[in-house]
Amino acid sequence: LIENAPQTQLATIRLDAASEPAVERAVTQNFFNISVIRVRDVLKSVGQFLERVALAITGTATITIFAGVLVLAGAVVAGHRRRVYDAVVLKVIGARRRDVLKAYLVEYGLLGIATAVVAGILGTIAGWAVVTHVMRLEWLFLPDVVVATAAISAVITLIFGFAGTWRALGQKAAPLLRNE
């Protein structure tokens with residue numbers, strides 16, 4: 001019974017691009033009931049789709065990092081007035097500019113490291129979840145990328161922190177202390 005059922009047979013061949021048209025023409029001219037499907041075109045379309053998905057993911061990650069930098073900059077700016085006052089008081093009691101900068105280096109360094117560690121852990125967990133559960137692909141941990149991201153975020157934190165601190169150290173003491 002099963003031998004009488006309609007059957008379909010599939011076959012694949014691998015060719016170089018130059019001989020593809022000639023083989024396709026020969027097969028379709030000699031066998032009218034054979035359909036030729038170019039898998040190369042399908043694979044190319046899938047590859048282009050995956051490139052667009054990767055571009056979208058990269059864009060989303062870039063926007064997320066940019067938003068994080070803006071939040072960090074906002075936090076630094078929000079604390080600017082307090083830093084100005086602290087720097088002025090420290091200058092009045094005899095602290096040198098170098099001492100104040102060292103103190104802020106420790107503060108912003110710890111802030112940057114803490115931010116980097118939290119971002120690295122949360123980003124790794126989120127990446128694992130998306131890759132394994134949403135995309136159903138094999139997840140690969142890239143420690144170099146995590147460390148590079150952590151280093152960049154720590155440096156950005158230091159830069160924003162020092163930018164505010166440098167301006168704070170340039171303030172005159174008397175007007176600020178009179179207003180407090």
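The conversation below takes the terms in turn and sets values against definitions.

Modeller: Please bear in mind that this is a predicted model. The protein chain has 6 helices and 0 strands, and from the N terminus on its elements run α-α-α-α-α-α.

Colleague: What makes the protein chain more spread out than a compact globule?

Modeller: The radius of gyration of the protein chain is 31 Å, whereas the globule rule gives 16 Å for 180 residues. The value is well over that of the rule, so the chain is described as more spread out than a compact globule. Along its principal axes, the C-alpha trace spans about 100 × 40 × 25 Å.

Colleague: How many of the residues count as buried?

Modeller: Of the 180 residues of the protein chain, 14% count as buried. The accessible surface comes to about 14000 Å², and 68% of this belongs to carbon and sulfur atoms.

Colleague: Why is Glu20 called buried?

Modeller: The relative accessibility of Glu20 is 16%. Buried means under 20%, so Glu20 counts as buried. Glu20 is placed in helix 1, which covers residues 20–30. Leaving aside its neighbours within four places in sequence, Glu20 is in contact with Leu15, Arg38 and Arg40.

Colleague: How many aromatic pairs does the rule count?

Modeller: The count comes to 1 aromatic pair. The rings belong to Trp139 and Phe141.

Colleague: What makes the rings of Trp139 and Phe141 a pair, and why is the pair called tilted?

Modeller: The ring centres of Trp139 and Phe141 are 5.8 Å apart, and rings pair if their centres lie within 6.5 Å. The planes of the two rings stand at 35 degrees. Stacked rings need planes under 30 degrees apart and edge-to-face rings over 60, with the rest counting as tilted; the pair is therefore tilted.

Colleague: Why are Trp139 and Phe141 described as partly exposed?

Modeller: Trp139 has a relative accessible area of 30%, and Phe141 has one of 39%.

Colleague: Where is Trp139 placed, and which residues does it touch?

Modeller: Trp139 is in the loop between helix 4 (97–134) and helix 5 (143–169). Not counting residues up to four places away in sequence, Trp139 touches Thr124, Gly127, Trp128, Val131 and Thr132. Its C-alpha atom and that of Leu169, 30 residues apart along the chain, are separated by 48 Å.

Colleague: Which residues does Val131 touch?

Modeller: Val131 lies in helix 4. With residues up to four places away in sequence not counted, Val131 touches Arg136, Leu137, Glu138 and Trp139. Val131 and Asp86 are 45 residues apart in sequence and 46 Å apart in space, C-alpha to C-alpha.

Colleague: How far apart are the mean positions of the positive and negative charges?

Modeller: The mean positions of the 18 positive and 12 negative charges of the protein chain are 19 Å apart.

Methods: Residues are numbered from 1 along each chain as its sequence is written. This is a predicted model: local features need pLDDT of at least 70, side-chain atom pairs count only at pLDDT 80 or more; totals for chains, interfaces and linings use all residues. Side-chain values use heavy atoms; hydrogens and water are left out. Helices (H or I, at least four residues) and strands (E, at least two) are DSSP runs, numbered from the N terminus. The radius of gyration is taken over C-alpha atoms; the globule rule is 2.2 Å times the number of residues to the power 0.38. Buried means under 20% relative accessible area, exposed over 50%, partly exposed in between (1.4 Å probe, protein chains only). Accessible areas come from the Shrake-Rupley method with a 1.4 Å probe; for residues, only the protein chains shown count as cover. Lys and Arg count as positive and Asp and Glu as negative; His and the chain ends are not counted. The place of a charge is taken as NZ of Lys, CZ of Arg, CG of Asp or CD of Glu. Rings of Phe, Tyr and Trp (its six-membered ring) pair if their centres lie within 6.5 Å; planes under 30 degrees apart count as stacked, over 60 as edge-to-face and the rest as tilted. Contact means heavy atoms within 4.5 Å.
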